[in-house]
Amino acid sequence: MTDYQAPVRQMRFTIDHLADFPAVAALPDFSAVDGDTIEAVLGEAAKFAGSVLAPINWLGDQQGVKVVDDAVQVPREFADAYKQFCEAGWPGIASNPEFGGQGMPKTVSLACDEMWAAANVAFALCPELSQGAILAMDRHATDELKQTYLDKLVSGQWAGTMCLTEPQAGSDLAALTSKAEPRGDHYLVSGSKIYITWGDHPMAENIIHLVLARLPDAPPGIKGISLFVVPKYRLNADGTPGEFNDVIPVSVEHKMGIHASPTCVLAFGGKGGAVGYLVGKPNEGLAAMFTMMNYMRLGVGAQGVGLADRSYQKSVAYARDRVQGRAPGEKGRVAIIRHPDVRRMLLLMRSLTQASRAICYYTASCLDRAAHGTDAESVGHWQARADLMTPIAKAWCTEAAQEATELGVQVHGGMGYVEETGVAQFYRDARIASIYEGTNGIQAIDLVGRKLLRDGGATVAAFVSDMRGVDAPLANAGEGFATLRRAMARALDELVQCSTYLLTAEKKDPELVSAAAFDYMMLIGTVIGGWQLARGALVATEQLAAGGDKAFLQAQVVMAQFYGEHVLPRCTGYAAGVQAGSASTMALAAENF
Ligand SMILES: Cc1cc2nc3c(=O)[nH]c(=O)nc-3n(C[C@H](O)[C@H](O)[C@H](O)COP(=O)(O)OP(=O)(O)OC[C@H]3O[C@@H](n4cnc5c(N)ncnc54)[C@H](O)[C@@H]3O)c2cc1C
């Protein structure tokens with residue numbers, strides 16, 4: 001399947017106008033990143049995604065991976081592609097220049113992540129996890145550990161993993177039992193980790209596992225978890241990989257999708273202990289690991305965008321080609337793209353995908369402004385907004401991806417259910433995105449519990465006030481925007497009502513946060529998506545008046561209008577769900593289900 005064309009024009013429009021790129025470019029660290037640089041990066045990434053990664057996506061799905069003699073084997077084509085990926089310098093595009101990275105803003109590099117995921121999400125997970133490991137080590141490891149590991153991870157010579165989950169500790173990491181015993185300058189790590197993505201493979205010379213484990217005297221619960229770096233091969237005195245470090249891939253899971261990504265059960269220390277080194281402070285490992293987890297959460301949102309877009313592209317091509325039925329005012333049988341119901345599905349896919357893209361890129365822009373800002377007040381503001389946006393980017397965008405990739409199957413009719421067309425793979429591959437990196441239910445609870453309630457609703461209120469800023473320009477933009485304007489105003493009112501409701505009712509109803517969180521997450525994500533599409537439509541209207549590219553710009557306007565008519569009204573349902581409280585949800589006794 002070599003049919004992926006990265007939507008570079010749409011990505012560039014989103015970066016420039018919806019992720020506020022001028023504000024990112026104004027930061028001293030990014031003064032060298034101009035429009036030409038972005039164009040060149042996106043252009044080269046699009047070529048790589050389309051010509052190297054997309055053609056092996058189906059092959060990876062069909063061949064999968066296996067464990068032979070305590071080692072994971074992956075398709076040879078994946079190892080070749082990884083080599084090319086590293087030679088082209090893609091692993092380090094957003095990493096710290098001190099360790100050989102190119103220091104690109106996340107606002108730009110996330111578009112590349114979207115392309116890798118669209119082209120071949122199973123492959124993309126490998127460099128994505130390395131990036132998360134690099135970031136966590138860069139923020140929390142000692143200088144010595146950084147000097148030892150980071151340049152090799154940044155170049156892609158070594159790859160990283162994230163080892164949290166254990167059989168009894170999934171969403172609830174407080175239950176994890178892996179151990180780390182101090183031995184002089186290092187620790188001996190032992191325990192069993194499950195579901196470790198790219199936990200073993202031959203594509204990189206060494207694999208650097210970031211592992212959560214407990215010290216002997218650690219308190220119970222999450223306050224007793226520490227973070228360790230555990231290499232697959234111990235290092236020789238000259239820093240090259242040496243002796244095997246007692247981390248064995250016991251098996252790989254047989255999964256619904258992402259077949260070419262090895263999801264490993266890893267046994268640490270079964271033969272005496274795997275040598276590891278502490279990252280950050282003892283018992284504060286979870287906070288350090290959150291650097292990696294938050295990075296990955298945005299990356300998972302971008303995976304959803306990529307898969308939704310790929311499914312949309314394939315569906316449009318099919319709908320133009322497949323002849324079936326008749327349409328009013330046309331002679332003979334027509335291509336199915338003429339049928340209003342098929343157009344409904346395609347526009348829903350396209351507008352949900354673009355809303356998700358704008359949410360993810362905007363989150364990246366908030367992160368860039370927080371991490372590279374120069375005054376404390378602005379750093380605090382953008383960090384709070386990035387913290388609010390992260391669970392929304394992860395959960396709302398991956399829910400949208402479920403809907404879009406499912407619609408992709410539907411547009412194809414029976415052929416969508418047949419594996420050879422490829423569209424079923426996008427649906428299967430997208431399904432995991434709402435489960436890993438913290439399920440979407442857990443993201444929603446984090447959103448309400450930590451991002452709404454903890455500051456008394458201040459961060460959400462500030463964002464609502466910014467979003468109300470589209471009302472006046474929509475009013476001035478003419479009658480064509482009247483429905484969108486009304487739908488936005490109503491959805492924002494519903495968001496305010498629900499926020500106020502949760503802030504007051506939560507004190508009386510201990511079940512409320514968990515019962516209402518998912519609807520609240522869907523509500524706020526749908527509103528932010530509408531705000532972003534409305535902003536895009538306003539920019540497009542201005543550019544149309546100035547004689548810009550009609551087909552592209554009109555599509556921005558139509559997507560926003562369609563979303564205002566068909567998606568924003570969903571907010572009324574979500575708001576009713578939030579304000580219904582927890583009573584009926586909790587009414588049945590567990591044994592009555
Ligand atoms: C393909 C794949 C790749 C993965 N990659 C990695 C990896 O690289 N590293 C890693 O460490 N882990 C990885 N994971 C693990 C993944 O992050 C977990 O599966 C996920 O966090 C959910 O944990 P669980 O499977 O134990 O489900 P559970 O925690 O058992 O959850 C089951 C259900 O109960 C809900 N639930 C649980 N607790 C609560 C609560 N307190 N409140 C409300 N609802 C709750 C959940 O939302 C979910 O719907 C991967 C998993 C898969 C399938």
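## A tour of aromatic pairs and the ligand site

Begin by selecting Phe123, which is buried, with a relative accessible area of 0%. Keep in mind throughout that this is a predicted model.

A search of the whole structure finds 14 aromatic pairs, and the rings of Tyr82 and Phe123 form a tilted one, because their centres are 6.4 Å apart and their planes stand at 55°. If you colour the helices, you will see Tyr82 in helix 5 (residues 76–87) and Phe123 in helix 6 (residues 106–140), so this pair ties together parts that are 41 residues apart in sequence.

Now widen the selection to Phe48, Phe78, Phe85, Trp90 and Trp116, which ring pairs link with Tyr82 and Phe123 into a cluster.

For the next stop, go to Tyr362, which is buried with a relative accessible area of 2%, and then to Trp531, which is buried at 5%. How are these two rings placed towards each other, stacked or edge-to-face? The centres of the rings of Tyr362 and Trp531 lie 5.5 Å apart with the planes at 85°, so the pair is edge-to-face. Tyr362 belongs to helix 9 (residues 340–372) and Trp531 to helix 17 (residues 512–545), so the parts that the pair ties together are 169 residues apart in sequence.

While Trp531 is still on display, select Arg535, whose charged end sits over the ring of Trp531, 4.4 Å from its centre. Another arrangement of this kind can be found by selecting Lys152 and Trp158, where the charged end of Lys152 sits over the ring of Trp158 at 5.2 Å from the ring centre.

Finally, select the ligand, which is surrounded by 20 residues, the closest being Thr165, Ser171, Tyr195, Thr197 and Thr439. Which elements supply at least two residues each of this shell? They are strand 3 (158–163), strand 5 (186–197) and helix 13 (440–453), and the largest share, three residues, comes from strand 5. By type, the residues of the shell divide into 11 nonpolar, seven polar and two charged.

A backbone N or O atom of Tyr195 lies 2.8 Å from a nitrogen atom of the ligand, while a polar side-chain atom of Thr197 lies 2.7 Å from a nitrogen atom of the ligand. In the side chain of Thr439, an N or O atom is 2.6 Å from an oxygen atom of the ligand. Of the 960 Å² of accessible area that the ligand has on its own, the protein covers 63%.

Definitions and conventions:
Residues numbered from 1 in each chain as written. Predicted model: local features only at pLDDT ≥ 70, side-chain atom pairs only at ≥ 80, totals over all residues. Heavy atoms only, no water. Phe/Tyr/Trp six-rings, centres within 6.5 Å; stacked < 30°, edge-to-face > 60°. Helix = DSSP H or I, 4+ residues; strand = E, 2+ residues; numbered from the N terminus. Buried < 20%, exposed > 50% of the residue type's maximum accessible area, 1.4 Å probe, protein only. Lys NZ or Arg CZ within 6 Å of the ring centre and 35° of its normal. Near = heavy atom within 4 Å. Polar contact = N/O pair within 3.5 Å; in protein donor to acceptor, adjacent residues only side chain to side chain. Areas by Shrake-Rupley, 256 points an atom, 1.4 Å probe, with all protein chains shown as cover. Nonpolar A, V, L, I, M, F, W, Y, C, P; charged D, E, K, R; others polar.
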